[in-house]
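Thanks for coming, everyone. Please have a look at the chain on the screen, and then I'll walk you through a few parts of it.

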Amino acid sequence: MCGRYVMARAIGDLVADSGALDPDEELVLPPSWNVAPTADVAVVLERAEPASGTETRREIHVARWGLVPPWAKDLSVGSRAFNARSETVTEKPTFRSAVRARRCAVPADGYYEWLKPEAGAPKSAKKRPFYVHPEDGSPIYFAGLYEWWKDEAVPDGDPGRWLLSCTILTGPSPEADDADPTLAQLGGLHDRLPLPMDRDTLDAWLEPEKLPSAEAAGALVDRVREQAFRTASGWSLEEVGTAVGNVRNNGPELLEPLETLL
């Protein structure tokens, strides 16, 4: 799963790296080293140009992390829908419409995952947090979905009437005995993996045209899942301090490897 991540680079840098157009209005999104569900996050998506009907434009938007489907009565659904299992995303009512027509990428510098104590460990043993990130410092683009939700309690014309929200797709982790040492580490860390995309897969995922069926959407999800391990093989894992477990802690010191803190 992915329940905490880091997005600390400037929006301008993200625009340049993702190939998005400069936003029409200034986006206010401070750097965060401890992004948690329900926080405002950056998403990358593509929209068709109304004038041409064939051209698209790649954009950066700010969304609430935790997908709220249009039929939801309130925001509480989103607090439980910050991740979407790729194996069932075309079937679950919360996600099945978005996966066909509203796909996005959720950029991150890296993410945190907690390693459970080994079987037989003392009851006092606690989960150990690790920071997972690309070794070359490039951003990760997780496969995501987005939705617009209308707050009926807010008057028409008020910008707060519409909420943009998102979720991150996950899939099975590599095997813990994988020949690739990084993938083996990821497999031993957790049984779920937030799904990263390489650039070709990113382009295909962001294509805004609505897919004709759940089967077509499933084929695209399969493509994301099939290349995820190859993309993740360029990552690095470092154990970090337990301060990251408290969402109120938010600063670059959270990324300090544990051995430098002892």
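Let me start with a rule: two strands pair if DSSP finds at least two bridges between them. Strands themselves are DSSP runs of E, at least two residues, while helices are runs of H or I, at least four residues, and both are numbered from the N terminus.

Some ground rules next. This is a predicted model, where local features need pLDDT of at least 70 and side-chain atom pairs count only at pLDDT 80 or more, while totals for chains, interfaces and linings use all residues. Residues are numbered from 1 along each chain as its sequence is written, and side-chain values use heavy atoms, with hydrogens and water left out.

Now the sheet. Five strands form an open sheet in the order β2-β1-β7-β8-β12, paired antiparallel. Which strands stand at the edges? They are β2 (32–35) and β12; each has a single partner strand, so one side of each has no neighbour in the sheet. On average, neighbouring strands here are turned by 25° against each other, direction ignored. Axes are lines fitted to C-alpha atoms, for helices over the stretch in contact, and angles run from 0 to 180 degrees between N-to-C directions. Look at β8 and β12: they run antiparallel, joined by five bridges. Val132 stands opposite Leu237 in β12.

Next, helix α3, residues 181–189. Buried means under 20% relative accessible area, exposed means over 50%, and partly exposed is in between (1.4 Å probe, protein chains only). Which residues of α3 are buried? They are Thr182, Leu183, Ala184, Leu186, Gly187 and Leu189. What covers the buried residues of α3? The cover includes β7 (110–115), β8 (128–134) and β12 (235–239), along with β11 (192–194) and α5 (214–232). Contact here means heavy atoms within 4.5 Å.

Check the N-terminal end of α3. Asp180 caps it, with a side-chain oxygen 2.9 Å from the backbone nitrogen of Thr182. A polar contact is a pair of N or O atoms within 3.5 Å; within protein, one must be able to donate a hydrogen and the other to accept it, and residues adjacent in sequence count only if both atoms are side-chain atoms.

His190 is buried, at 18% relative accessible area. Its side chain makes a polar contact of 3.2 Å with the side chain of Asp191. Leaving out residues up to four places away in sequence, His190 touches Met1, Glu113, Trp114 and Ser173.

Last topic: charges. Side chains of opposite charge can pair when their charged atoms come close. A salt bridge is a side-chain nitrogen of Lys or Arg within 4 Å of a carboxyl oxygen of Asp or Glu. How many are there? The count is 15 salt bridges.

Take Asp17 and Arg199, with N to O at 2.7 Å. Asp17 is in helix α1 (residues 11–18) and Arg199 in helix α4 (residues 199–206), 182 residues apart. Asp17 is partly exposed at 28%, and Arg199 is partly exposed at 40%.

Now Arg192 and Glu87, at 2.8 Å. Arg192 sits in strand β11, and Glu87 in the loop between β5 (83–85) and α2 (96–101). Is Arg192 buried or exposed? Arg192 is buried, at 11%, whereas Glu87 is partly exposed, at 32%.

That's my tour. Questions, please.
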